[in-house]
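Hello,

Here is the structure I promised to pass on. Please have a look, and my notes follow below.

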Amino acid sequence: MSAKIIDGKKIAADIREELKAEVAALKEQNIIPGLGVILVGEDPASQSYVSAKEKACKNIGIFSDDNRLSADTSEEELLKLVDQMNKDPKINGILVQLPLPKHINEAAILLAIDPDKDVDGFHPMNVGKMMVGEETFLPCTPHGVVQMLQRSGVETSGAHVVVVGRSNIVGKPVANMLLQKKDGANATVTLCHTRTKDLSYHTRQADIIIAASGWPNTVTAEMVKDGAVVIDVGVNRVEDASRERGYRLVGDVDFDAVKEKASFITPVPGGVGPMTITMLLFNTVNSAKRANGIN
Ligand code: NAP
């Protein structure tokens, strides 16, 4: 059996079309969703993420307030800018691109963002709301994973989901979202990490595997039961002399071998990746709606 490929680009494009229509309807009520973007320093990867986010905003009609600051910006200056954005009614979401330079306390900056504008879903208040199943901003990558499962018709209710990785931005939140007593969730979740004894024992029991370890080939074909659904969150560079840039991107799953056993699988690139920015746009549009009392 060869798995059905879950096309993240297509699902992301569908959601963006839905959001574009919502933004157009909001414009008729003179509401323009706004995203405040802050990038400190000149890290090339961060610059390209931020440019992609700004371009995606423009494409669907979200106003983006672009702030590119020098690497020697002080924590105080950054806190002042966050405070201005917190108070600015044109800004519905605030995105501080991580990582920040070492002299800035990242936790202090994230805590300073108004939880009602925390479109990354990293503020402890929103993390707590997610944990107890309240309506809130959900972090973008794990929310993208949940959307991909739902929109591919994968049943999560009663399914055994094994998540590989327990980071605060992927593993823990995706596990938490999928165990909620809600439609599109209701799974039995096992969360694995580097201290897990016999990872493959757990993954072989899984109806759905979500790989977020940050290492190529963490999930191989022997670790997957026939017909399992495999979602690969990983993005890793591996050397490839045949490419002009000298590397290619792979996920955390041995894609070629696992696709012969799985029922559904996400590719890398073109799987979870395009969903992350899309869910950021989703949160920004929802924030604008909430700020204007629209459900
Ligand atoms: P991270 O902070 O490095 O966390 C990795 C987690 O995986 C840790 O909990 C670690 O366990 C666990 N782990 C590592 N190797 C393992 C192994 N062999 N067996 C079991 N557990 C293992 O990474 P992250 O930020 O969550 O990101 C994970 C991957 O997703 C990365 O490749 C990243 O680039 C990618 N990512 C993609 C997107 C996207 O938009 N597509 C967004 C975010 C991240 P310990 O806690 O015990 O160390």
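**Charges, rings and domains**

Arg-237 sits over the face of Tyr-247, 4.1 Å from the ring centre; a charge counts as over a ring if NZ of Lys or CZ of Arg is within 6 Å of the ring centre and within 35 degrees of the ring normal. Arg-290 does likewise over the face of Phe-137, at 4.5 Å from the ring centre.

Before you read on: this is a predicted model, where local features need pLDDT of at least 70, side-chain atom pairs count only at pLDDT 80 or more, and totals for chains, interfaces and linings use all residues. Residues are numbered from 1 along each chain as its sequence is written, and side-chain values use heavy atoms, with hydrogens and water left out.

The domain assignment (automatic or from a database) gives domain 1 (29-114) and domain 2 (140-275). Their C-alpha centres lie 29 Å apart.

Eleven salt bridges turn up in the whole structure, each a side-chain nitrogen of Lys or Arg within 4 Å of a carboxyl oxygen of Asp or Glu. One of them links Glu-18 with Arg-151, with the closest N and O atoms 3.0 Å apart. Glu-18 lies in helix 1 (residues 8-28) and Arg-151 in helix 6 (residues 140-151), so this pair ties together parts 133 residues apart in sequence; helices here are DSSP runs (H or I, at least four residues), numbered from the N terminus.

Arg-248 and Asp-240 also form a salt bridge (3.0 Å, N to O). Asp-240 is buried, at 12% relative accessible area, while Arg-248 is partly exposed, at 31%. Buried means under 20%, exposed over 50% and partly exposed in between (1.4 Å probe, protein chains only).

Best wishes

Note on methods:
Helix = DSSP H or I, 4+ residues; strand = E, 2+ residues; numbered from the N terminus.
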